[in-house]
Every structure is written in C-alpha cells, then in structure tokens.
Amino acid sequence: MRRGLWKGLAGVVLGFGLGLTALSGPALAIERCVASLKQQAVAAGVRPAIADQMLSGASFDEKVIRFSTSQPEHKTEIWDYMAFLVDAERIQDGKANLKKHGRTLASIEKRYGVDRHVVLAVWGIESDYGQFRGDFYTPHALANLVCAGKKRQKYFKGELIKTLQIASRGDVPADDFRGSWAGAFGQTQFMPSTYNSLAVDFDGDGRKDLVNSIPDALASTANFLKNAGWSNSRPWGFEVKVPSGYNGPSGRKKYASLSTWGKRGVTRIGGGKVSGKLEAALIRPAGANGPAFLVTRNFRALRSYNASTSYGLAIALLSELVSGGEPFKTPWPTANPGLSRAQRLELQKLLNKNGFNVGEPDGKVGPATRNGIKKAEAKFGMPVTGRPSWNIYTALGGK
C-alpha cells in the first residue's frame, strides 16, 4: 500500500553521515551503509538478531533503483494497464475467492462498512489473491533505496526501521517480508508506516500478520479504505456518456451534484438520467474519445491506496465484474489493444519460437521481452515501441 509515499518529504538526504560520496562503488557503499543501518535499528529497539538476520546479505540491486524512477501506473497506457490487471483469469479467480472466503468478507464488510467486492478486488490487484507477494525481499529493497537511491532516503530509512520493528515484535516472521521495490509487503501490500497505523488482528491470534493471515490482510484493507473515506452509502461511480463537443468542467477534484451533471448533458451510458444530490466528478482518463465516468468520493478512497487513476479504475472494474456486473461499454481509443497475462505469456513463447530470444516465458514484461518485441516490430516494419500489444502478438501468430 503506497498511501502517502510521495507526500510530506522535504528534500533529499544524502549519506546520513556515512561519507558515501567518497566510496568507490555501489557495493562498498551498500556494505558500509547497511552496517550503520543495523546499528540505528538496534538503537530504535529492534532486537540485534533480527537486525542482523534481515539486513545481512543486502547488496546493490539495480532493479530496485531503476523502478524507483519509473512506476508503471504512470507510464503505461491505460488500455495496457487494464488489460493486464483485469483479465479473465483474475475475474474467475476473484469469483472463486468470493465463494471460498465469503463468510470472512461478509464479516469484514459488516464491521468496517466497506463493500466486500472492493476489498476482494484490492487483494486481487495487489497480490493476485495472495498468489504473488512480490519480487523483492523488502528489507533489502529498502536498504538499497536508503543507501543507493537518489530520492526520499530519509523516508525509506524510516520505513526500513519500521519493517524491522514489526518483525522484532513477532507480528510477521522475518523471512516473510516479500513485496514491492518500495517496501510494501503482505497480501494487500501495506507500507510499514501504514501497517503501524491501520493493520488489524481480525483472526484474533494476537498478531497483525498481513502475510500469512487472509482475514488480517483483508480486514486491514477495509480499515484503510474506511479511514480513507469509503462509505457503502454511495457507489464508486459509474460510466457515462458526455455530449459531443462538451467543454465544461472535468477532473477528479471538480465535484458537483448528479443533477448538475445532468443539466450539463451528461447521461448514464445506457441512456438513463443522471440526477440527485450525490456529488461526483467527471473523469475522462483516455481523453475525449475514450470512456468517461462520474466518480464519487469513494473513488478518491480507492485512488488513495495507490495514487493513480488507472489503478483506481482497475479496482473499480474488477469489483464490478467479480460481483456479476458488466464491463465498461465504451472502448478505449486505440486500434492496438493491450494483452492479458495469458496473452503476454503466449507472446513470449511466440517471440522465442520466431528467433527473438527473450528467455524463459513467465508472462512478465521486462527489458529482455521489450527488446525482443522491438526486434520483432522492426522485422515486420512496425513502429518500434517494445510494447506488448495486440498487433505484434497477432503478427507473430497469436490468436
């Protein structure tokens, strides 16, 4: 969970008195910096054995540093982002988990007043319903951001110390902190500071274990959304049709009553009237030619989980589909759509089959896959983008 990740951080704090600028390379810098971090963690109340266990072996990780300057939510076209995150497999798995954990989700909804389908959707997006926790051992990732990162080092040091403290208290086993490059961990990816303020022990075992306890993870997510302003008395929003040539107000912060939007010519996507006192804002995430939505302050709560409109819409759409709702009606404004996870995996196999070696297919699009796509695009006379798209997929034989 990345709430507040980029807020309230004043400047860049370099070195922490360790003299890093004088060191000969990242490996040596990391080694010296980590030794100091162990000492600082112990001074902050972390058991020495835990500090040593969780930080020993930390080494320079180029991938962490690269990811810290490039987040997919902000650089990926929304139709690629949605195709990957809200695919048939995730919808089907969501429905299965809704049935399997229905009693727990119902209890959580009753206690926190947050729609169970929304909680389920966050779980599905963040960790594929607990099947994938992340590529990084988060203490080592955070150590890299402190010792080799170029931004917000003071913030990340605080998150690292909090991570070690959580393990030191016995809430989460030290070896179980797998998650994102930025330090989020658990089945619904909480940052350590958010864990400290909003995690709950829903299964009653005396520990707030967001890694191994599904009830704790889902209830903590509901508690977060409740704290962010979610209310079951209103929807997240709904798809609408905007009149041709509309040049009125839009943007997620420009709220007006539904009746006001109705007077501006906005209608429900099926032609129904927009009316009422409920306040909503008009968003058009792909521009005037793509889908449009009236979103309430519940959408703001979704977006606060990860400050991205694409992310908020992915949660919203998945929650609709696992509950039996319908997909968005207006197509994304592209003739070259994005690919689902299954299609991305098949694309990698096709690239290998056609001589564009991208390594062992895993469905994850990294530098090797993008490089293979570029070579294939060049061969077929396409614009060279490195993007896992429908056009290159079908050109290689995908169906």
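View 1. F136 has 7% relative accessibility and counts as buried (under 20% relative accessible area, with exposed over 50% and partly exposed in between; 1.4 Å probe, protein chains only). F67 is partly exposed, at 25%. This is a predicted model: local features need pLDDT of at least 70, side-chain atom pairs count only at pLDDT 80 or more, and totals for chains, interfaces and linings use all residues. Residues are numbered from 1 along each chain as its sequence is written, and side-chain values use heavy atoms, leaving out hydrogens and water. Rings of Phe, Tyr and Trp (its six-membered ring) pair if their centres lie within 6.5 Å; planes under 30 degrees apart count as stacked, over 60 as edge-to-face and the rest as tilted. By this rule there are 15 aromatic pairs. F67 and F136 form an edge-to-face pair, 6.1 Å centre to centre, with 75° between the planes. The pair links distant parts of the chain. F67 is in helix α3 (residues 62-67), F136 in strand β1 (residues 136-137), 69 residues apart. Helices (H or I, at least four residues) and strands (E, at least two) are DSSP runs, numbered from the N terminus.

**View 2. The ring pair of W236 and F299.** The ring centres lie 6.3 Å apart and the planes meet at 45°, so this pair is tilted. W236 sits in the loop between α12 (214-227) and β3 (237-241). F299 belongs to helix α14 (residues 297-305), 63 residues away. Both W236 and F299 are buried.

View 3. T296 caps the N-terminal end of α14. A side-chain oxygen of T296 lies 3.1 Å from the backbone nitrogen of N298. Buried residues of α14 include N298, L302 and Y305. The buried residues of α14 pack against α8 (116-127), α12, β6, β7 (292-295) and α15 (309-322); contact means heavy atoms within 4.5 Å.

**View 4. The open sheet.** Five strands, paired antiparallel, follow the order β4-β6-β7-β3-β5. Two strands pair if DSSP finds at least two bridges between them. β4 (255-257) and β5 (267-268) stand at the edges, each with a single partner strand, so one side of each has no neighbour in the sheet. β4 is joined to β6 (residues 279-283) by 3 bridges.

**View 5. Two charges over rings.** A charge sits over a ring if NZ of Lys or CZ of Arg is within 6 Å of the ring centre and within 35 degrees of the ring normal. The charged end of R268 sits over F238, 3.9 Å from the ring centre. R297 lies over the face of Y255, at 3.9 Å from the ring centre.

Methods: A polar contact is a pair of N or O atoms within 3.5 Å; within protein, one must be able to donate a hydrogen and the other to accept it, and residues adjacent in sequence count only if both atoms are side-chain atoms.
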